[in-house]
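Please read them with the structure open beside you.

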Amino acid sequence: VVSITCDDDQSHNRIRDDFVLTLRKLMTSGKTGKYFQFIEIPRHISCKVIDADDAQKLRVKTKSHFILYGRSRTRKLDSKDHNILELDGLVAHNPIPLAVQEQFSREFSELLPRKIAVDKESGLFEFEITSEWTELVAKYIIGISAEISGDFEYAELQFREVQSKLITSNKNIPVYAKLKDRIPLRLKEIIEAKSTQYLNGWYASHDIELIDQIDTELNKLDKKTMGERSSNLKAISLFLKERDVDGAIKIIKACPKNLRDAVWHINLAFLEAYKGNLKTALRHYRNADKLMVEIE
């Protein structure tokens with residue numbers, strides 16, 4: 001949902017023609033376009049959406065997942081009339097811990113274009129850039145919302161579309177650099193979460209095809225991207241499929257020392273015990289006992 005109020009008819013028509021309609025075209029194009037229904041709020045309603053509470057009420061009333069709201073004012077800058085476009089947004093998601101909510105809000109605030117000044121006479125290009133910027137951030141934020149709500153397939157779809165558009169974009173916008181850095185980390189989170197789901201399914205059914213699914217997911221990561229969690233999952237998969245104890249130990253030991261937590265010691269202890277190295281296994285179990293296990 002997009003709700004932007006303007007202080008005069010000329011600004012309203014320009015914001016709608018140069019920003020809102022361009023944003024609509026971008027949001028509803030590409031591989032994820034079919035998943036979006038774009039709703040533009042009429043001016044007589046958008047003028048009442050002043051703050052986050054108003055936006056939240058409108059989001060609930062329209063049953064939308066994402067709302068972009070704001071206002072445009074005409075002001076003089078360097079003796080020229082400019083449209084000052086101020087934007088904010090809200091996104092729906094499942095209940096999450098306060099710390100995650102705060103991190104999500106900070107990321108949203110950091111990435112969304114908050115205040116843009118556009119020359120009223122020659123600002124079409126700036127509006128196009130702002131529309132593209134908003135589209136990419138909106139899809140990225142919707143991807144995060146889907147991820148923390150447990151819809152990993154949809155989240156991955158959004159992240160990969162944003163990633164593909166960033167690769168072909170030659171615009172020197174700082175936010176684009178941040179998105180390029182963060183999307184691989186988000187994709188790694190999703191791959192690890194999906195792999196963990198498959199592993200939990202294997203615990204319940206012992207269906208070896210679920211281990212194949214883990215391999216399929218982890219193969220999407222390169223060695224530089226794999227972290228402690230994905231390395232553990234790779235080692236577990238290797239052991240369960242091939243009983244390759246030495247290979248699993250090699251993967252686990254490749255984990256940097258600063259990331260070796262209680263889970264790392266427990267996994268290594270199990271493998272050493274399986275090989276018959278009971279003293280080594282006991283040492284790792286004792287090390288694990290000294291560390292706090294983080295429960296998700």
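1. The side chains of Lys188 and Glu192 meet in a salt bridge, with 3.5 Å from N to O. Both residues belong to helix α7 and are 4 residues apart, about one turn of the helix. An α-helix has 3.6 residues a turn, so residues three or four places apart point the same way. Keep in mind throughout that this is a predicted model.

2. Are the two partners of this bridge buried or exposed? Lys188 counts as buried because its relative accessibility is 17%, and the cut-off for buried is under 20%. Glu192 has a relative accessibility of 5%, so Glu192 counts as buried too.

3. Helix α7 covers residues 174-205, which makes 32 residues. From its first C-alpha to its last the helix reaches 47 Å, close to the 46 Å expected at 1.5 Å a residue. Where does α7 bend? The bend is at Arg182 and amounts to about 30 degrees. A proline, Pro184, follows within four residues.

4. A network of salt bridges links Glu107, Glu110, Glu147, Lys178, Arg182, Arg186 and Glu189. Side chains of opposite charge can pair when their charged atoms come close. How many salt bridges does the structure hold? The count is 28.

5. After α7 comes His206, with a positive phi near 55 degrees. His206 is not a glycine, although its phi is positive. This residue sits in the loop between α7 and α8, the latter being residues 208-218. With a relative accessibility of 54%, His206 counts as exposed because the cut-off for that class is over 50%.

6. Lys63 is another residue to check for its phi. Its phi is near 55 degrees, a positive value in a residue other than glycine. Lys63 is found in the loop between α3 (52-62) and β2. Its relative accessibility is 73%, and therefore Lys63 counts as exposed. The C-alpha atoms of Lys63 and Val1 are separated by 9.5 Å, with the two residues 62 apart along the chain.

7. Now follow the chain into the strands. Strand β2 (residues 66-77) and strand β3 (residues 80-91) run antiparallel and are joined by 12 bridges. One of the pairings is that of Arg71 with Glu86 in β3. The two strands form a hairpin, and 2 residues lie between them. In the turn, Asp78 has a positive phi of about 55 degrees.

8. Strand β3 has a further partner to record. It is joined to strand β4 (residues 115-119) by 5 bridges, and β3 and β4 run antiparallel. Val118 in β4 stands opposite Asn83. When you inspect the strands, remember a general point: in a regular strand the side chains alternate between the two faces of the sheet.

9. In one, Glu217 pairs with Lys220, and the closest N and O atoms are 3.2 Å apart. Glu217 counts as buried because its relative accessibility is 4%. Lys220, at 38% relative accessibility, counts as partly exposed.

10. In the other, the side chains of Lys275 and Asp246 meet, with 2.8 Å from N to O. The pair links distant parts of the chain: Lys275 is in helix α11, Asp246 is in helix α10 (residues 245-253), and they are 29 residues apart. Why does Lys275 count as partly exposed? It does so because its relative accessibility is 42%. Asp246 has a relative accessibility of 49%, so Asp246 also counts as partly exposed.

11. Last, consider the surface. Which residues make the nonpolar surface patch of about 380 Å²? They are Ile266, Phe270, Tyr274 and Tyr285. Helix α11 (residues 262-275) gives the most to this patch, with 3 residues. Tyr274 has its place in helix α11. At 45% relative accessibility, Tyr274 counts as partly exposed.

Key: Residues numbered from 1 in each chain as written. Predicted model: local features only at pLDDT ≥ 70, side-chain atom pairs only at ≥ 80, totals over all residues. Heavy atoms only, no water. Patch = residues over 30% accessible without salt bridge, like charges linked within 9 Å, V, L, I, M, F, W, Y side chains within 5 Å. Areas by Shrake-Rupley, 256 points an atom, 1.4 Å probe, with all protein chains shown as cover. Salt bridge = Lys/Arg side-chain N within 4 Å of Asp/Glu carboxyl O. Buried < 20%, exposed > 50% of the residue type's maximum accessible area, 1.4 Å probe, protein only. Pairing = 2+ DSSP bridges. Expected span 1.5 Å × (residues − 1). Bend = angle between axes of the 7 residues up to and from the residue.
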